[in-house]
Amino acid sequence: MFMAAMDGTIVNVALPTISKEFQISPSSTGGINVGYLVSLAVFLPIAGWLGDRWGTKKIFLMALSIFTISSVLCGLANNLHTLNLFRICQGAGGGLLTPVGMAMLYRAFSPEERPKIARMLILPIAVAPALGPILGGFLVERFSWPWVFYINLPLGILALLFGLIFLVEYREPKAGRLDLLGFLLSAPGLSMVMYALNQGPITGWISPSILIIGGSGFILLSCFILVELRVSKPMLDLRLLSDGLFRTMSIISLLSAAGLLGILYVFPLMYQNALKASALESGLITFPEALGLIVASRMMPWSSKKLGVHRVIMIGLLGAAIMLLFLSMVGPETSPWIIRMLLFSIGFFLGHAVVSVQATIFNNVNSASMGQATTLLNVQNRIGSAIGIAILASLLGAFGVDSTNTHRVTDSQLIPYQFALIGSAAFLLGGLFITLFIRTSDITSPKSNHSTSKPSHIERSAKVGN
């Protein structure tokens with residue numbers, strides 16, 4: 001799961017080098033990421049059903065194999081067309097990995113133990129995207145661009161062998177047949193919307209292609225929602241949103257994802273384009289944000305015990321938004337250590353909120369619905385990330401980003417990035433507003449009739465032994 005999450009950002013720093021080697025314009029490399037994200041969007045909704053129907057171990061290891069093999073083929077590509085094709089295959093594997101993996105984890109642990117899982121999941125969910133630019137910058141500068149893909153080979157082989165030996169198969173008896181109409185509506189609908197969100201800031205939101213593709217995708221997704229609410233065995237169970245806790249936490253998670261990915265998108269651009277740093281320097285100064293996330297995941301049990309999960313989420317979102325506002329004020333004269341401290345603080349506050357949401361969002365979800373719940377969460381988080389980046393990229397474009405290579409940084413060069421960082425803070429403040437609708441009783445007392453059927457370490461060990 002860490003590999004799949006990191007791949008969304010590790011490739012970004014290699015795009016300029018790829019454009020030079022393939023002798024194409026920098027704008028042409030955008031398809032390398034768009035193909036990956038569109039493929040991811042196509043396969044995300046079906047992940048839960050595939051795992052329930054054919055077995056989570058089988059689907060997870062198949063997805064891992066596709067992702068690893070496609071990574072190697074991406075590194076071997078000698079032109080843009082083949083690279084785009086293999087990135088699409090890579091996205092198919094990545095789209096299945098995270099929801100199926102999360103379903104396996106949350107099924108294996110009781111509601112009382114799930115906060116520990118949420119603390120571990122901070123690594124693939126939040127730390128991996130922050131680590132991507134650092135590792136990508138190092139590999140491109142020290143070796144060559146194919147190594148941002150080759151790095152997945154040894155890790156993928158080790159994970160595959162480990163999974164073959166230790167993972168336990170699980171099938172959901174009530175999975176039913178594939179909701180074919182739902183898949184035929186969601187696959188093009190999500191891919192069109194994701195394409196429009198990613199390309200809209202580049203080509204313009206009122207360009208005919210974006211209006212047609214985005215509008216068509218929105219119509220298809222609207223039809224998809226109507227279909228899924230009526231069929232008895234939906235591919236994506238939207239009825240889970242009828243539970244107040246799951247619905248509220250999902251919205252907070254979406255807005256947090258928009259804010260987090262917005263920070264990881266805007267600040268490296270600001271540090272490179274406006275403050276004239278290298279890609280590796282940008283990644284290194286951003287990394288304290290990931291360290292803050294890790295520290296928060298370790299402290300969250302103590303914090304939630306002292307303050308309660310509800311207050312931890314509220315303080316986390318508010319603290320991260322305030323630190324983001326301070327970060328928007330930095331300039332060329334600001335000490336790098338102050339910037340590192342602000343980014344660490346953002347990660348620390350936001351980490352508390354993200355881990356708390358992950359620890360409680362599945363409180364009222366039973367084992368049979370876990371695959372659907374994790375898939376739904378990943379779909380809406382992916383959409384949230386795309387919305388966040390699209391809106392912030394549009395802000396940068398609206399204020400006219402000037403990335404010309406000047407020796408002296410002017411205030412006008414920083415203003416677009418400052419407004420974009422304020423936009424990231426606005427997403428977090430939106431999540432803070434949603435916390436007002438959380439009922440503390442839902443967080444502290446999971447419904448007994450929805451608890452998992454595997455409440456103890458002893459029963460888990462017996463299952464593994466069998």
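What follows is a short exchange on a predicted model and the terms used to describe its helices.

Me: How confident is the predictor in the protein chain on average?
Reply: The mean pLDDT of the protein chain is 81. A score of at least 70 is reached by 89% of the residues.

Me: Where does pLDDT stay under 50?
Reply: One such stretch is residues 402-410. Beyond four places in sequence, the model gives this stretch 14 contacts. Residues 445-466 also have a pLDDT below 50. There the model has 37 contacts beyond near neighbours in sequence.

Me: What makes up the secondary structure of the protein chain, in helices and strands?
Reply: The chain has 19 helices and 0 strands. Of its 466 residues, 55% count as buried.

Me: How many of the contacts between residues at least 6 apart in sequence join residues at least 24 apart?
Reply: The share is 83% in the protein chain.

Me: Why are H13 and H14 called roughly perpendicular?
Reply: Helix H13 covers residues 288-307, and helix H14 covers residues 309-327. They pack at about 110°, with axes 7 Å apart. Angles of 65 to 115 degrees count as roughly perpendicular. The H13 and H14 pair is therefore roughly perpendicular. Their crossing is right-handed.

Me: Which residues bring H13 and H14 into contact?
Reply: H13 contributes Ser303, Ser304 and Leu307. H14 meets them with Val309, Arg311, Val312 and Ile315. By class, this contact has 4 nonpolar, 2 polar and 1 charged residues.

Me: What makes H14 roughly antiparallel to H15?
Reply: Helix H15 spans residues 336-360. The H14 and H15 axes cross at roughly 155° and come within 8 Å. Angles over 145 degrees count as roughly antiparallel. H14 is therefore roughly antiparallel to H15. The crossing of this pair is left-handed.

Me: Which residues of H14 and H15 meet?
Reply: From H14, they include Val312, Ile315, Gly316, Ala320, Met323 and Phe326. From H15, they include Ile339, Leu343, Ile346, Phe349, His352 and Val357. By class, the contact has 18 nonpolar, 6 polar and no charged residues.

Me: How do you know that H6 is roughly antiparallel to H13?
Reply: Helix H6 runs over residues 114-142. H6 and H13 pack at about 170°, with their axes 9 Å apart. The cut-off for roughly antiparallel is over 145 degrees. That angle therefore makes H6 roughly antiparallel to H13.

Me: Which residues form the contact of H6 with H13?
Reply: On H6 they are Arg119, Met120, Ile122, Leu123, Ala126, Val127 and Ala130. On H13 they are Glu289, Ala290, Leu293, Ile294, Ser297, Arg298, Met300 and Pro301. The classes are 11 nonpolar, 1 polar and 3 charged residues.

Me: Why does isoleucine 66 count as partly exposed?
Reply: Isoleucine 66 has 31% relative accessibility. Buried means under 20%, exposed means over 50%, and partly exposed lies in between. Isoleucine 66 is therefore partly exposed.

Me: Where is isoleucine 66, by helix?
Reply: Isoleucine 66 is in helix H4, residues 56-76.

Me: What does isoleucine 66 touch, not counting residues up to four places away in sequence?
Reply: Isoleucine 66 touches Cys89 and Gly93. Glycine 91 lies 25 residues from isoleucine 66 in sequence. In space, C-alpha to C-alpha, the separation of isoleucine 66 and glycine 91 is 9.1 Å.

Notes: Residues are numbered from 1 along each chain as its sequence is written. This is a predicted model: local features need pLDDT of at least 70, side-chain atom pairs count only at pLDDT 80 or more; totals for chains, interfaces and linings use all residues. Side-chain values use heavy atoms; hydrogens and water are left out. pLDDT is the predictor's confidence in each residue, from 0 to 100. Contact means heavy atoms within 4.5 Å. Axes are lines fitted to C-alpha atoms, for helices over the stretch in contact, and angles run from 0 to 180 degrees between N-to-C directions. Helices (H or I, at least four residues) and strands (E, at least two) are DSSP runs, numbered from the N terminus. Angles under 35 degrees count as roughly parallel, over 145 as roughly antiparallel, 65 to 115 as roughly perpendicular and the rest as oblique. A crossing is left-handed if the near helix is turned anticlockwise from the far one by less than a right angle, and right-handed if clockwise. Ala, Val, Leu, Ile, Met, Phe, Trp, Tyr, Cys and Pro count as nonpolar, Asp, Glu, Lys and Arg as charged, and the others, Gly among them, as polar. Buried means under 20% relative accessible area, exposed over 50%, partly exposed in between (1.4 Å probe, protein chains only).
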